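Reader: Could you take a close look at the aromatic rings in this one for me? I'd like the cut-offs spelled out as you go.

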Amino acid sequence: MESIKIEIRDLVDIDSIAEEYNISKKELISFHNRNCALHELLPESLPKYISSIYIPVEKYTQWKEKQLPASRIDRPGISEKLTYGVLINQKSSELQISYLIDIHRFAEHKASVYRQKLEVNNHDVEFMVEKLMETAGEALYPIHLSLDRKGKPDAIENGEDIQARWKETFRPKIKQYYEGEVTDGLISQIDHFYDTIKNGLGSLQRNIFYPVFFLPVYDSYPDHEKKERLDFYFPSFGETVSYDAVFSLQKTFTEKGRMLVRIKGEQYYEEISLDEDKGKIDLVYQLDKETRNIFSVTGSLSTFYDNQEVKIDIEIYRQEAYI
């Protein structure tokens, strides 16, 4: 069997080398000793004077194919239409929201978003307030975004069109079917949302999907890591929570050939308090090897409010077709 000689840069043991190249320890030692010079013979443990080791070319080729070519993820560069299933579970309020969403990515680093049918707690929207909010939300779509170099939205490009849809179509429809103080109060809040939609992305960030899906994963990862402070809005108590997060880029492709980024961190407080409970962020992103589009996002965000943990579980999966 053909061999290749690999350099050992760091002090490691023979077990970790065997695991990395998917070969048993016994087989690795035997193969190396059959191919090396006399002074390079290996005992059961890896001596410090060994600076290289022989492994089968086949094992090296398989290992090489799994390695990321660089410690960065470039933005997708081609136009593509993608469909995702979205599931958001707000555990503190026992509220589960699910819907399908279409993302049209364009080569010039723009994206359009179209939301499909919304369900609450695995049922069609039934209650008056939920129906009203669903109808009001339909005015937002499609929404056209420009994206920065890290894949985050930096502008809403059709803000005036969204405002016109709300004022001319959806607001009159709601006023026609819903009346009362509750309705007037909700419409007033929604009016403010659409009045400010073209002035920035702040209102859009209140929908947890957008800051999660468009997180800045397209970036360089020195030593396969980077740190960023991230903000997420918690609708159950109406406040934004910040996290000091570490982005870790896995050095190898997954078994299914995807790039994997794990984001973990703790809640950031401006004032240090030793007895303050800290929320956590724990998200896993898988991206397609060739297109670098997101395949899935799974994980959770948590914080504490009135001494109670508030947690949001998130699942976003690529759908090959509508069910």
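Author: Counting Phe, Tyr and Trp rings (the six-membered one for Trp) as a pair when their centres lie within 6.5 Å, you get 12 aromatic pairs. Take W166 and Y194: their ring centres are 5.1 Å apart and the planes sit at 20 degrees, so this pair is stacked; planes under 30 degrees apart count as stacked, over 60 as edge-to-face, and the rest as tilted. The pair ties together distant parts of the chain, with W166 in helix α5 (residues 159-177) and Y194 in helix α6 (residues 181-195), 28 residues apart. Helices here are DSSP runs of H or I, at least four residues, numbered from the N terminus. Both W166 and Y194 are buried, meaning under 20% relative accessible area with a 1.4 Å probe, protein chains only. Elsewhere, ring pairs join Y84, F209, Y210, F213 and F214 into a cluster.

A quick word on ground rules: this is a predicted model, where local features need pLDDT of at least 70, side-chain atom pairs count only at pLDDT 80 or more, and totals for chains, interfaces and linings use all residues. Residues are numbered from 1 along each chain as its sequence is written, and side-chain values use heavy atoms, leaving out hydrogens and water.

Rings meet charges too. K226 lies over the face of F247, 4.5 Å from the ring centre, and the charged end of R258 sits over the ring of F295, 3.6 Å from its centre. The test for that is NZ of Lys or CZ of Arg within 6 Å of the ring centre and within 35 degrees of the ring normal.

Conventions: Helix = DSSP H or I, 4+ residues; strand = E, 2+ residues; numbered from the N terminus. Buried < 20%, exposed > 50% of the residue type's maximum accessible area, 1.4 Å probe, protein only.
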